[in-house]
Amino acid sequence: MRELELYRSHELAGKIGRLIRKYASALRSRGFKIIKLMNFCGTHEWTTVHYGLRGLMPREVELVAGPGCPVCITPSLCVEHAIKLSLEGVTVYTFGDAFRLPATREVRGARSLREAKALGGSVRVVYSFMDAIRDAAKRGCEAIFLAIGFETTAPGYAIPLARGLVPKNLKLLSALRLTPPAARHAILATVERGLEPVRGIIAPGHVSTVTGAEPWDRLSRELGLPAVISGFEPLDLMLSVVMLLRMIYLGRVGAEVEYRRLVTWEGNVLAKKFINEVFQVSDAAWRGLGVIPDSGLELTGPYVKYDAYREYGLKIPDGREDMPSGCRCADVIMGLAKPVECPLFMKVCTPSRPYGPCMVSSEGTCAIWARFGGGGLADKVAREVGL
Amino acid sequence: MCWGVPARVVEVKGLEAIVDFGGGVRRRVLVGVSGVREGDVVVVHAGVIIGKVRTEEALAMLEVYAKLSAELATDSSSPEEVERIAKKIVEELRHSLGL
């Protein structure tokens, strides 16, 4: 699609940048010193850092990464359960990111599924849940799937379960989480800690492709601050910033959709139907954040026979003792600290040897900053030359 | 993790479809949205089609930009006036971007 190239156009970026500066200036004259806008998607943070968007923002506009990486917030206990089972001969399927995710505590000498595999554990990395289904059906082995993800990933589990495609020997270890409750949690935390409050929500485009815009509209009205559902190209995000600044200027709340080419108000109706059939909403632990009410998905009805927690008598994570000592991932996930403010960042914790969970996934804030130098020299240079 | 990759649907086979990501990369994926047809542009996440790209909205960004720009360009609060200026901005952009 040639049209999509427009979303990286230099010419348009300059024009949109001028609009951002105009609105920021108008808000400054109304007494706004800092306008903090928080994203809730690792891909938004990736785009922000990869394209140096922070360097294009006027001094008043601060783009902050909130909880938006499902790998980072998967409780350590889920990983520990998976490691233990893999070393006991149960095949563990998962995605590549979760394969490298370190647990807080070692289990029989392994801190991650990667290490468990090196010690002889049965661990298989797959592209999709369907690949695991095909493999488990063919091999007939006792198996679990470490099911991480947000609303975007949930249909990939729900549809095969609802359609009866999952063999009896494959169980689900659900670490599925819902984004709006965590967004509320992070936004309220800035207020509780007396920090600069969040003024606008950059809502996740692919989560909203499934859920629709409505949950963000509800959250926006509850918290009294605007939300814009954004796409993932650099100009998507820049335009979303303008839309948010305009809403703040006009005192508007509610959700507006920038990512119109994919997001509708009602979302993916078919996927939502299957998710509601297979899962029920529950209180759930987020790594480093503790238990957040109504923020998880657990199997329900006839589908509990696929529940790995039930099958193996595994403890449900309670969110305690979830971070390795010295690691500031909890604050980074909540948008309360930048990766560079963690004493371990790029010292003992690097992309090749991650110590904390935010350094693992390509969508973890620390991993993104490590790869592309977020908050570093590029931003300073951009400011010095007046960008 | 919520990475979504655009692809074109080559063939729909029941619950699954073959999609083309470009560059010779084709994969079998699960159809996770209603009404997927051959030729559709879709977004694939973790082996599942989660949404169809509404190609008619592909240039929506220009309209949004033009409206925001028009609002700042005029002191008039008349929606008709903003609309008129926005249309003009879209036309100019289309011309300068060679659309």
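Buried area is the accessible area (1.4 Å probe) that two parts lose on being put together, summed over both. I start with that term, since the size of an interface is often given this way.

**Entry 1: ground rules**

I am reading a predicted model, in which local features need pLDDT of at least 70, side-chain atom pairs count only at pLDDT 80 or more, and totals for chains, interfaces and linings use all residues. Residues are numbered from 1 along each chain as its sequence is written, chains are lettered from A and ligands numbered from 1 in the order in which they are written, and side-chain values use heavy atoms, with hydrogens and water left out.

**Entry 2: where chain B meets chain A**

I looked up the interface. About 4400 Å² is buried between chain B and chain A, and carbon and sulfur atoms give 69% of that area. The contact (heavy atoms within 4.5 Å) takes 50 residues from chain A and 47 residues from chain B.

I then counted polar contacts. The term means a pair of N or O atoms within 3.5 Å; within protein, one must be able to donate a hydrogen and the other to accept it, and residues adjacent in sequence count only if both atoms are side-chain atoms. Twelve residue pairs between chain B and chain A are in polar contact, both residues being at pLDDT 80 or more.

Which elements of chain B give two or more residues to the side that touches chain A? I noted β2 (16-22), β3 (25-31), β4 (41-45), β5 (48-52), α1 (60-73) and α2 (79-96). Helices (H or I, at least four residues) and strands (E, at least two) are DSSP runs, numbered from the N terminus. α1(B) gives the most, with eleven residues. By class, this side of chain B has 28 nonpolar, ten polar and nine charged residues. Here Ala, Val, Leu, Ile, Met, Phe, Trp, Tyr, Cys and Pro count as nonpolar, Asp, Glu, Lys and Arg as charged, and the others, Gly among them, as polar.

**Entry 3: salt bridges**

A salt bridge is a side-chain nitrogen of Lys or Arg within 4 Å of a carboxyl oxygen of Asp or Glu. The count over all chains is 29. Five salt bridges cross the interface of chain B and chain A. In one salt bridge, R134(A) pairs with E16(B), the closest N and O atoms being 3.0 Å apart.

Inside chain B, R84(B) and E81(B) form a salt bridge, with the closest N and O atoms 3.2 Å apart. Both lie in helix α2 of chain B, three residues apart, about one turn of the helix. Salt bridges that share partners also join D131(A), R134(A), E16(B), R27(B) and R28(B) into one network.

K52(B) and D40(B) meet in a salt bridge too, at 3.7 Å, N to O. That pair links distant parts of the chain: K52(B) sits in strand β5 of chain B, D40(B) in the loop between β3 and β4, twelve residues apart.

**Entry 4: strands of chain B**

Two strands pair if DSSP finds at least two bridges between them. β4(B) and β5(B) pair in the antiparallel sense over four bridges. β3(B) and β5(B) run parallel, joined by two bridges. V48(B) in β5(B) stands opposite L30(B) and also opposite H45(B). The hairpin of β4(B) and β5(B) has two residues between the strands, and A46(B) there takes a positive phi near 45 degrees.

Is β5(B) mostly covered or mostly open? Four of its five residues are buried, so I wrote "mostly covered". Buried means under 20% relative accessible area, exposed over 50%, partly exposed in between (1.4 Å probe, protein chains only).

V9(B) lies in strand β1 (residues 5-13) of chain B. V9(B) is buried, at 3% relative accessible area. Its C-alpha atom is 6.9 Å from that of R37(B), 28 residues apart along the chain.

S361(A) lies in the loop between α16 (329-333) and α17 (365-372) of chain A. S361(A) counts as buried because its relative accessibility is 0%. Its side chain joins that of D97(A) in a polar contact of 3.0 Å. The S361(A) side chain also reaches the backbone nitrogen of E363(A) at 2.9 Å.
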